[in-house]
Amino acid sequence: MPAQPASTTLDADWPAPYAEEPLDATVSVPGSKSLTNRFLVLAALAGDESLLRRPLRSRDTLLMASALRSLGTEVTDVDEDWLVRPRDLRGPALVDCGLAGTVMRFLPPVAALAQGPVEFDGDEHMRRRPMGPMLDALRALGITVTGDAPGLPFTVEGNGHVTGGKVVVDASASSQFVSALLLAGARFEKGVTVVHDGKPLPSQPHVDMTVEALRDTGVIVDDGDANTWHVEPSEIHSLDVEVEPDLSNAAPFVAAALVAGGTVTVPSWPQFTTQAGDAIRDILDAMGADVSLTRDGLTVSGTGQIDGVDLDLHDVGELTPVVAAVAALASGPSQLRGIAHLRGHETDRLAAITTEINRLGGDCRETEDGLVIRPRPLHGDLVRTYADHRMAMAAAVLGLRVPGVVIENVATTGKTLPDFTTRWSSLLGRA
Ligand SMILES: O=C(O)C1=C[C@@H](OP(=O)(O)O)[C@@H](O)[C@H](O)C1
Ligand SMILES: C=C(OP(=O)(O)O)C(=O)O
């Protein structure tokens, strides 16, 4: 097979590299999207300037930074870092959410603290991602939100002040509804008490990450009772933080060692983290990999022999596309459960994964809350990515073992990992 190009142009279809031999690679990944966007929001709400060291610069985080700038915050580049100087928040402003859930959910409560109207819109698909319960919660808190749709586009009519207090929200469609209310809650006059009422909350580690980030800025948060969080009103202290590597983006790279055989190390893997992506260690272990976390990073080794698994991914839904790709190459069937909410992600991920695995000759079936995958011999084809970064990364995992996989619009990985193709090629020694 000919060498693959190391980088690619926008919107190009990309022939996924096929692994001719076992891997032996060390690949670093840039900072966490979820941490970068939380730190940006808290820095904009803080009492003094913050330094974010080695933040992720990708579509989702650049959209967050430019939205905060349009509200008056100064976000400036200092070498690799971002210096954030909080200023009085003000409208009129226009927030482009792109396809970033964190921008669409985290910023409306911030906009309510601004003086003036703040309009929100985003990519065409973003108008279909869940937002209704969040807008209802904002209205219940006395915030004026105008707009006819259950989601985007809408306008938050900020008056510089939110009374706050108790609010009930059904966050079963997205944990980001809870995180959003908590992140801004310390700046509400009475703080905020958020009660989740509905089917089980997905992505709990992401809410824990929000709570930890708030505590890092001196905010008092009580999360002692299930499905209830209380944030005391207080000043938000400035931050000086180094952003951890994005472990969900690291997942396809370490999964590659199991799929192609060989060894892959991702350096700077944190020993302790709230990132949901850390769960990939146990998942790959269950699928037959050797996994070891040392001071050098996370090292995963495999033989190419993959065991089928029965997993509840409710807490770590982000990992589903990559885990499903690995499962499609296993020696036995897998069941992935607890992930009905993925139908409201960048695309309907359960439908997208099913269609694309089956397009390659596989046998994937949707259940009410997940997927059943029965491995079959796969063949190459053009894999559709639905503007979903994780679909593109999952296709790359399949391409390691299936000759002739071509990834449609691989540049969609830029949502969270702009130089994905270069890093992926370096996995195969082709950078
Ligand atoms: O708060 C966050 O940073 C995120 C929470 C999760 O969202 P959902 O709870 O909507 O799945 C996760 O899937 C998303 O990628 C990032
Ligand atoms: C669901 C995801 O993103 P978002 O932050 O846009 O919800 C994701 O990155 O898998």
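This is a predicted model: local features need pLDDT of at least 70, side-chain atom pairs count only at pLDDT 80 or more; totals for chains, interfaces and linings use all residues.
Two packed helices are described by the angle between their axes and the distance between the axes. In the model, the axis of helix H2, which spans residues 59–70, comes within 9 Å of the axis of helix H3, which spans residues 101–111, and the two axes cross at roughly 30°. Because angles under 35 degrees count as roughly parallel, H2 is described as roughly parallel to H3. The crossing in which H2 passes H3 is right-handed. On the side of H2, the contact is made by Asp-60, Leu-63, Met-64 and Ala-67, while H3 contributes Thr-102, Val-103 and Leu-107. Sorted by class, the residues in this contact of H2 with H3 are five nonpolar, one polar and one charged.

The shell around ligand 1 holds 13 residues, of which Ser-34, Ser-174, Ser-175, Ser-203 and His-206 come nearest to the ligand. Two elements, H3 and helix H5 (176–185), each give two or more residues to this shell. By class, the shell around ligand 1 comprises 11 polar residues, one nonpolar residue and one charged residue. Domain 1 (14–30 + 245–427) and domain 2 (33–242) both supply residues to the shell, and ligand 1 therefore lies between them.

Ligand 2 is surrounded by Ala-100, Gly-101, Thr-102, Glu-318, His-345, Glu-346, Arg-390 and Thr-416. The shell around ligand 2 has four polar, three charged and one nonpolar residues.

Terms used:
Residues are numbered from 1 along each chain as its sequence is written. Chains are lettered from A and ligands numbered from 1 in the order in which they are written. Axes are lines fitted to C-alpha atoms, for helices over the stretch in contact, and angles run from 0 to 180 degrees between N-to-C directions. Helices (H or I, at least four residues) and strands (E, at least two) are DSSP runs, numbered from the N terminus. Angles under 35 degrees count as roughly parallel, over 145 as roughly antiparallel, 65 to 115 as roughly perpendicular and the rest as oblique. A crossing is left-handed if the near helix is turned anticlockwise from the far one by less than a right angle, and right-handed if clockwise. Two residues are in contact if their C-beta atoms, placed from the backbone, lie within 7 Å. Ala, Val, Leu, Ile, Met, Phe, Trp, Tyr, Cys and Pro count as nonpolar, Asp, Glu, Lys and Arg as charged, and the others, Gly among them, as polar. A residue is near a molecule or strand if its C-beta atom, placed from the backbone, lies within 6 Å of it. Domain bounds come from an automatic or database domain assignment.
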